[in-house]
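I opened this notebook to record, entry by entry, what I looked up in the structure.

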Amino acid sequence: MPKSETSQPAASVRHDPSDPVHNQDKAHTNAKSDDLARDTAPRSEQDRLTDNFGHAISDDLNSLKAGVRGPTLLEDHLLREKIHHFDHERIPERIVHARGSAAHGYFELTESLEQYTTARVLTEVGKQTPVFTRFSTVAGFRGSADTPRDVRGFSVRFYTDEGNWDIVGNNIPVFFIQDAIKFPDLVHAVKPEPHHEMPQAASAHDTFWDFISLTPESMHMIMWQMSDRTLPRYFDTMEGFGVHTFRLINAQGQSTFVKYHWKPVNGVHSLVWDESQKIMGKDPDFQRRAMWETIDQGGTLEWDLAVQLFTQEEADGWDFDILDATKIIPEELVPLKVIGRMVLNRNPDNFFAETEQVGYKPTNLVQGMDFTNDPLMQGRLFSYLDTQLIRLGGPNWQHLPINRPLNPVANNQRDGFMRHVINPGRVSYHPASLDGGSPQEVPRDQGGFVSYPEPISGEKLRKRAESFGDHYGQARLFWNSLEPIEREHLCKALQFELSKVETRHVRVAMLDHLEQIHPLLASQVAVALGEAPRADEVVKPGGTADCAEEMQLLAKAEAAPTASGGLSKSKGLSMEAQPPKGIRNRMVAILAADGVDGAQVDAIKQALEAEGAKGEVLGQHLGMLDGGAEAKKTISNSHMVLFDAVIVPGGAQSVAALLEDGDAHAYLLEAYKHGKPIAAYGEGQQLLQGSDLAALVGDLSGMKALGILSADAPDMAEFVQTLAQHRFWGRPKLKRLSN
C-alpha cells in the first residue's frame with residue numbers, strides 16, 4: 001500500500017494516552033507481566049514458619065534425633081522435605097561443587113591398620129587401589145572460575161576389590177553448620193541472590209553474611225574461609241580432609257574413631273587475594289589447566305594419607321564433641337599417622353563421561369568401616385543419593401562407567417531409567433527360590449558389611465547437644481596459630497567481604513561476632529567499614545598491599561581458646577609455619593626477546609626440570625627467538641600472577657628490548673608485590689636495575705634475603721632454594737601501587 005504523504009516514520013509517532021488503540025498496545029505489553037503475577041508470591045509479612053503444606057514449624061535448627069547425641073531419625077519429615085527440595089532445585093549441574101576437575105591415579109598403602117579395621121584397602125601393605133579424585137569450588141556455577149575465595153571440594157573414590165569407598169571431603173577440616181537441616185539455608189545464602197542472580201562464585205554479599213551473623217556456630221569455619229586456605233595456589237598445594245569423624249571396625253568388632261587428612265607432598269601454598277582476582281580474568285581455568293598439563297607432560301600430583309585414631313574414652317576427656325563438624329581435633333591431642341600415598345597420573349579421556357558424571361556418596365564404605373552420629377553427616381547420607389537421582393536421570397546412575405565398581409554387582413534390582421544391564425530370568429525380588437536362591441547374603445566373617453552395634457537411648461526430640469555449644473573457642477585457637485602475615489590476610493579478607501555488604505546492621509552484627517574472637521581483629525575490620533573500633537589501639541588499613549603496622553598490631557592479638565583440649569595454639573593450622581618441600585610443579589616465567597642468551601635459558605630450564613619445576617619462555621613474539629630460545633607464550637598474552645617466580649636471563653639485545661617493554665616491567669612489579677622470587681642474570685641485571693620496580697623501591701641489590709637474586713651467571717642451586725620458600729613477606733613498601 002502506498003505511503004500517505006502525511007505519514008511519519010514510526011520512530012516519530014507520538015501516542016495520545018487517551019487513544020484506545022494505544023491503551024490496547026500498552027495492555028498487550030503488560031500481558032506477560034500480568035500472567036506471571038498470578039504465580040508470583042506476595043512478599044510475606046507473616047511471622048509463622050511452615051513447611052510446604054502449611055504445617056507450623058516449632059524448630060528449624062535441629063534435626064530429629066534419638067537423644068541429643070544420637071543418630072538422625074528417618075521419620076524426620078521436615079529434614080527430608082528441605083533436603084529433598086534442595087537436592088532437586090537445579091538440573092543438570094550439581095547444586096554445589098558444580099565447577100570441578102578430576103584425574104585418575106592410585107592409592108598405595110604403606111602402613112597397615114589391621115589392628116583397627118578389616119577393610120583390605122587399609123590392611124594390605126603395598127596394594128595399589130585405583131582412585132578417581134575430583135577437586136571443585138562450592139558456590140560457583142559450572143562455568144565459573146577456578147580461583148574465587150571459596151571452600152574446595154576434595155573427593156576421592158577408591159575402586160577397591162570390596163566395592164567403592166568414597167571420602168567426600170573438603171580442603172578445610174571443619175564446616176559452617178552442625179546439623180544438616182541448615183545446609184539448604186547455608187547454600188541458598190551463599191549462592192547468587194535470587195532477585196538478580198549476583199554475585200557469581202562469591203560470598204561477599206548481604207545474604208551470606210546475614211545468615212552467618214545469625215549462625216554463630218559458623219565462626220570457626222569463617223576464620224578458615226577468610227584465611228588464605230580458601231585460595232589454594234594449585235590443587236596439589238592444598239590439603240584435604242574427610243571433615244567428619246568416622247569409625248573403623250576390627251575383626252573383633254571393636255570400634256576406633258578416625259579422621260582422614262590428605263597432606264600434599266609439595267607442601268601447602270596459596271594465592272593472595274589480589275592474584276586470585278586477576279587470575280579469574282587472565283585464566284579462569286588456571287588450576288584445572290595446571291593439573292591437566294602437569295599430568296599430560298608426564299608429571300604427577302601426590303598426597304600422603306594420614307589418619308587420626310582415637311577411642312571413645314579419649315574423646316570423653318576433651319572439652320569439645322567429636323560429633324561436631326565445626327570442630328577439629330588438634331594434632332597435639334591426636335598426632336597424624338601417615339599410612340599411604342595417593343598419586344594422580346592420568347587425565348580423563350572425556351570430561352563429561354568421567355568428571356561430570358561421577359557421583360560420590362559418603363555412604364560408599366566397605367566392610368570394616370562405619371558412620372558416627374554426627375548430625376551433619378547423617379543428613380549427607382540421605383542427600384547424596386537423592387541428588388544423584390535427579391542429576392543423573394534415574395536410579396541406574398551407578399551403572400555409568402565412572403561410577404561402576406570393579407568388583408561384580410549382584411542383586412535383584414531391575415528396571416528404571418537408563419537400565420542397560422540385561423538381567424535374564426523371572427526373579428526381581430529377594431529372597432527367592434526360583435533362581436536357585438542366588439545371590440545370597442554375605443555373613444560378616446566373610447566380608448559382609450555390618451553396622452557397628454552402638455547402644456542408643458534417649459528421647460525423640462529436636463535439640464542441639466550442649467556439648468556443641470562453644471562457637472568461638474576453636475576460632476580463637478585458629479587465630480592464635482596463624483603467623484602475623486596470615487592474620488593480616490585474614491583481616492583484609494574480612495574487610496573486603498564485609499565492605500561489599502550493603503546492609504549496615506549485618507556488618508555490625510559480624511563485628512560483634514569478631515569481637516568474641518579478639519577485639520583487635522574486630523577493630524581493624526571496623527575501621528575499614530567506617531565503624532567505631534572495639535579496642536583502644538588501631539592502625540589505618542593498608543589497602544591491597546601488606547601493611548607492616550597492621551601486621552605488627554595483629555601479632556599482639558592473642559586470644560583465649562576454649563574447646564581446644566587446653567591448647568592455646570596448634571601446629572598444622574598455619575601454612576607459613578610449615579617447612580618448604582621443594583619446587584615440584586612450580587611454574588617460572590623467563591622473560592626474553594630477540595637476542596636472548598639461548599644457552600643460559602636452556603641451562604635454567606634444565607635445572608628447573610631436574611627439580612620437577614618448569615621454566616616457560618615468554619617472548620615478545622611466539623616461536624624461535626634470535627639467540628636460540630623458543631617462546632610458546634608471549635609476555636603480553638600471559639601474566640605474572642600465573643607464575644610462581646620470574647627470571648630475566650642475559651643477552652644484551654634482549655634486555656635492551658625488554659627495557660622498552662612496559663609489560664616486562666609489570667612482571668617485576670607484580671612479582672615484587674606478591675612476594676615471589678625474582679632473579680636477573682648477566683645483562684638481565686640491567687633490566688632489574690632500570691625497571692619501574694627499582695624506580696619505586698630504590699636499590700634492589702643486597703635483597704637476597706627477600707627473594708631477589710642478581711648475579712653475573714645463574715646460580716640455580718640458590719634459585720631453587722629461594723623458590724622453595726614460595727613467598728617473601730616484608731619487602732619495602734612500593735612508593736605507589738602498580739595497576
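This is a predicted model: local features need pLDDT of at least 70, side-chain atom pairs count only at pLDDT 80 or more; totals for chains, interfaces and linings use all residues.

In which loop is the place of Pro431? I found Pro431 in the loop between helix H10 (375-391) and strand E12 (460-462).

**Entry: cis peptide bonds**

The bond from His430 to Pro431 is cis, with omega near 5°.

**Entry: Ala432**

I stayed in the loop between H10 and E12, where Ala432 is also found. Is Ala432 buried or exposed? I recorded a relative accessible area of 16% for Ala432, and since buried means under 20%, Ala432 is therefore buried. Setting aside residues up to four places away in sequence, I list Val427 and Gly437 as residues that Ala432 touches. I also checked Ala432 against Met510, a residue of H13 in its contact with H4: the two are 78 residues apart along the chain, and their C-alpha atoms are separated by 61 Å.

**Entry: H4 against H13**

The crossing in which H4 passes H13 is left-handed. I wrote down Trp209, Asp210, Ile212 and Ser213 as the residues that H4 brings to the contact, and His505, Val506, Ala509, Met510 and His513 as those from H13. Sorted by class, the residues of this contact are 5 nonpolar, 3 polar and 1 charged.

**Entry: H12 against H14**

For helix H12 (residues 484-499) and helix H14 (residues 519-528) I noted a packing angle of about 40° and axes 9 Å apart, so H12 is oblique to H14. Here I recorded a right-handed crossing of H12 past H14. On the H12 side the contact uses Leu490, Cys491, Leu494, Gln495 and Leu498, and these meet Leu521, Gln524, Val525 and Ala528 in H14. The classes come to 7 nonpolar and 2 polar, with no charged residues.

**Entry: burial of H14**

How many of the 10 residues of H14 are buried? I find 7, and the helix is therefore largely enclosed by the rest of the structure. The buried residues are Leu520, Leu521, Ala522, Ser523, Gln524, Val525 and Ala526. They pack against helix H5 (219-226), helix H11 (473-481), H12, H13 and helix H15 (548-555). Just after H14, I noted that Gly530 takes a positive phi of about 75°.

Because most residues other than glycine have a negative phi, I made a separate entry for two exceptions. His97, in the loop between helix H2 (77-87) and E2, has a positive phi of about 65°, and with a relative accessible area of 17% it is buried. Asn585, in the loop between H15 and E13, has a positive phi near 70° and is likewise buried, with a relative accessible area of 14%.

**Entry: the face of H17**

Which residues of helix H17 (residues 652-659) are buried? I recorded Ser654, Val655 and Leu658. Viewed down the axis of H17, the buried residues fall within an arc of 95°, so they line one face of the helix. Among the elements covering them I listed strand E13 (587-591), strand E18 (645-648), helix H18 (662-673) and helix H19 (684-689).

**Entry: Glu114**

Glu114 is exposed, its relative accessible area being 58%. Leaving aside neighbours within four places in sequence, I noted contacts of Glu114 with Leu122, Thr123 and Asn250. From Glu114 to Met703 I recorded 53 Å, C-alpha to C-alpha, for a pair 589 residues apart in sequence.

How values were computed
Residues are numbered from 1 along each chain as its sequence is written. Side-chain values use heavy atoms; hydrogens and water are left out. A crossing is left-handed if the near helix is turned anticlockwise from the far one by less than a right angle, and right-handed if clockwise. Helices (H or I, at least four residues) and strands (E, at least two) are DSSP runs, numbered from the N terminus. Contact means heavy atoms within 4.5 Å. Ala, Val, Leu, Ile, Met, Phe, Trp, Tyr, Cys and Pro count as nonpolar, Asp, Glu, Lys and Arg as charged, and the others, Gly among them, as polar. Buried means under 20% relative accessible area, exposed over 50%, partly exposed in between (1.4 Å probe, protein chains only). The arc is that of the directions from the helix axis to the C-beta atoms. Axes are lines fitted to C-alpha atoms, for helices over the stretch in contact, and angles run from 0 to 180 degrees between N-to-C directions. Angles under 35 degrees count as roughly parallel, over 145 as roughly antiparallel, 65 to 115 as roughly perpendicular and the rest as oblique.
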